Amino acid sequence: GKKIVLPDVKLEPAATASISIGDALLKQGIAPYANLKGYLELDYMSSYDPVCATVVSVDTVHSVIFTYGFRPTAPAAITMKAMGKPVPSKASVTQRIDGVWWKHSATVSGFVSLSNTTDQSVGAQLTVSGADGKLLGTYPISLAAHMTDLVDIAELRLSSASAGGIRLTYTAPPDSILISGGMEDISTGYSATMSFRPSMTVTPNPTSTTTTLTELGLMTGAPDPMMSFPAGTEFTPFSVLHNVSTTAVVVTPEVFWMDQGAMHRKSLTALNIPAAQTLMLDAPSLLKQAGLASYNG
């Protein structure tokens with residue numbers, strides 16, 4: 001929870017700046033290779049929210065990389081006020097954050113990072129479930145002010161399931177806890193970030209609505225030679241769907257693809273995801289259903 005203030009950075013209009021955290025810590029007398037954990041905060045003066053930022057953690061020795069985004073706090077409140085909308089209350093409320101995990105082989109492990117961004121202690125509970133919705137593990141969490149905890153999810157190494165869900169629940173002012181996670185296998189150089197959805201109350205709107213989620217740039221089959229991948233490289237797209245609700249959800253996949261400069265689309269057979277369960281989409285079967293079994297692109 002110790003705060004280290006780094007030198008100011010001036011951003012010109014439309015400019016981008018890159019900051020080496022390792023170099024900055026070295027100037028503070030902290031070895032850049034030290035085993036540290038924490039979170040980053042950007043403070044700036046503006047009447048709106050003009051800054052986009054990401055943090056990238058790279059382990060070149062084991063060839064793993066994790067990229068995470070920042071979440072606006074005070075600027076969001078300023079924007080809401082400027083738009084004439086009510087600013088979110090700082091009163092304590094029960095909150096829930098849901099995530100999904102997926103591993104491509106049995107040797108992949110997972111971790112979750114939790115940071116308390118407030119000046120008060122916050123208690124929380126982290127639960128991990130398998131694809132069938134059954135509980136794999138529970139982790140009680142106690143975070144002191146501005147403390148960060150890294151949780152090694154041992155159940156993911158032991159579970160025979162290839163996908164499942166993660167849920168964080170706590171009672172505190174809105175968005176008090178930052179959560180991120182990753183899957184990794186340092187023996188093969190595999191790494192992937194976990195996907196978490198924004199905080200939500202434990203009593204969401206019961207009215208059913210239609211929601212569209214879109215994935216861009218998925219690759220399948222052999223890549224175009226101009227992309228300079230090694231000979232013999234083959235891509236297989238994958239998608240993992242986790243139902244965070246207490247009722248079944250029906251999902252209708254659609255495939256979009258380009259052929260001779262023209263866009264094509266095809267709706268596929270609807271899928272049913274039971275409550276709290278996780279579904280691995282069988283991408284090859286979906287492509288075959290769309291007539292794209294041998295498609296490269």
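**A nonpolar patch and its surroundings**

Reply: Happy to! Five residues, Val9, Leu11, Ile19, Ile21 and Leu40, make up a nonpolar patch on the surface, and together they have about 400 Å² of accessible area. Keep in mind that this is a predicted model. Take isoleucine 19 as one member of the patch: isoleucine 19 sits in the segment before helix H1, which covers 21–27. Its relative accessibility is 47%, so isoleucine 19 counts as partly exposed, since that class lies between 20% and 50%.

Now for some charged residues. Side chains of opposite charge can pair when their charged atoms come close. Lysine 10 does this with glutamate 12, in a salt bridge whose closest N and O atoms are 3.9 Å apart. Lysine 10 is exposed, at 71% relative accessible area, whereas glutamate 12 is partly exposed, at 45%.

Another salt bridge links the side chains of lysine 3 and glutamate 41, at 3.8 Å from N to O. Lysine 3 belongs to the segment before H1 and glutamate 41 to the loop between H1 and strand E1 (54–59), so this pair ties together parts that are 38 residues apart in sequence. Of these two partners, lysine 3 is exposed with a relative accessible area of 60%, while glutamate 41 is partly exposed with 45%. The structure's salt bridges come to 6.

Technical notes: Residues are numbered from 1 along each chain as its sequence is written. This is a predicted model: local features need pLDDT of at least 70, side-chain atom pairs count only at pLDDT 80 or more; totals for chains, interfaces and linings use all residues. Side-chain values use heavy atoms; hydrogens and water are left out. Patches are made of residues with over 30% relative accessible area and no salt bridge: like charges are joined within 9 Å, nonpolar side chains (Val, Leu, Ile, Met, Phe, Trp, Tyr) within 5 Å. Accessible areas come from the Shrake-Rupley method with a 1.4 Å probe; for residues, only the protein chains shown count as cover. A salt bridge is a side-chain nitrogen of Lys or Arg within 4 Å of a carboxyl oxygen of Asp or Glu. Helices (H or I, at least four residues) and strands (E, at least two) are DSSP runs, numbered from the N terminus. Buried means under 20% relative accessible area, exposed over 50%, partly exposed in between (1.4 Å probe, protein chains only).
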